[in-house]
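Hi everyone, thanks for coming.

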Amino acid sequence: MPIVKLNCVVTFAASHFLTKYKGKCENLHGHNYKLIITIEDTVKENGMAVDFKDIKQIAEDKVLKIVDHRHLNDIIDNPSAENLAVWVWDKLKDDLPLIKLTVFETEDYYCEYEGK
Ligand SMILES: [Zn+2]
């Protein structure tokens with residue numbers, strides 16, 4: 001059966017500050033974060049690899065419930081986009097055939113993590 005990649009986009013709002021950085025981002029501020037969850041799986045008999053709804057539900061349960069409208073420094077040590085990407089990966093990796101996680105901190109700046 002063919003192998004496909006699926007992408008599911010979810011968003012959340014949160015505050016943070018960087019603890020090992022000199023500049024504007026060491027001060028408390030917020031972002032509307034966007035996550036792109038990329039999985040890879042084989043197309044099954046029903047014509048689907050993984051139900052998009054299931055990906056979104058897992059993201060809701062494992063990530064968004066914890067971080068949405070929260071202060072990330074209370075949850076993740078030094079919550080840069082990079083550290084957030086690794087944290088989200090660890091939350092999702094047991095439930096989804098993840099191959100890439102993309103964290104948009106702003107429209108211009110985003111981090112990609114592939115579990116390495
Ligand atoms: Zn920031």
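I'll start with the overall layout, then go to the sheet, and finish with the helices.

A quick note before that: this is a predicted model, where local features need pLDDT of at least 70, side-chain atom pairs count only at pLDDT 80 or more, and totals for chains, interfaces and linings use all residues. Residues are numbered from 1 along each chain as its sequence is written.

Okay, the layout. We have 2 helices and 5 strands, taken as DSSP runs numbered from the N terminus, with at least four residues of H or I for a helix and at least two of E for a strand. From the N terminus, they go β-β-α-β-α-β-β. The C-alpha trace spans about 50 × 25 × 25 Å along its principal axes.

Now, what is the strand order in the sheet? It's β3-β1-β2-β4-β5, an open sheet with mixed pairing; two strands pair if DSSP finds at least two bridges between them. At the edges sit β3 (70-71) and β5 (110-113), each pairing on one side only. Strand β1, residues 3-16, runs parallel to β3, and 2 bridges join them. Look for A14, which stands opposite R70 in β3.

And the helices? Helix α1, residues 52-67, lies across β1, β2 (29-42) and β3. Helix α2, residues 81-92, lies across β2, β4 (98-104) and β5.

That's the tour, so over to you for questions.

Conventions
Contact = placed C-beta atoms within 7 Å. Axes fitted to C-alpha atoms, helices over the stretch in contact; angles between N-to-C directions.
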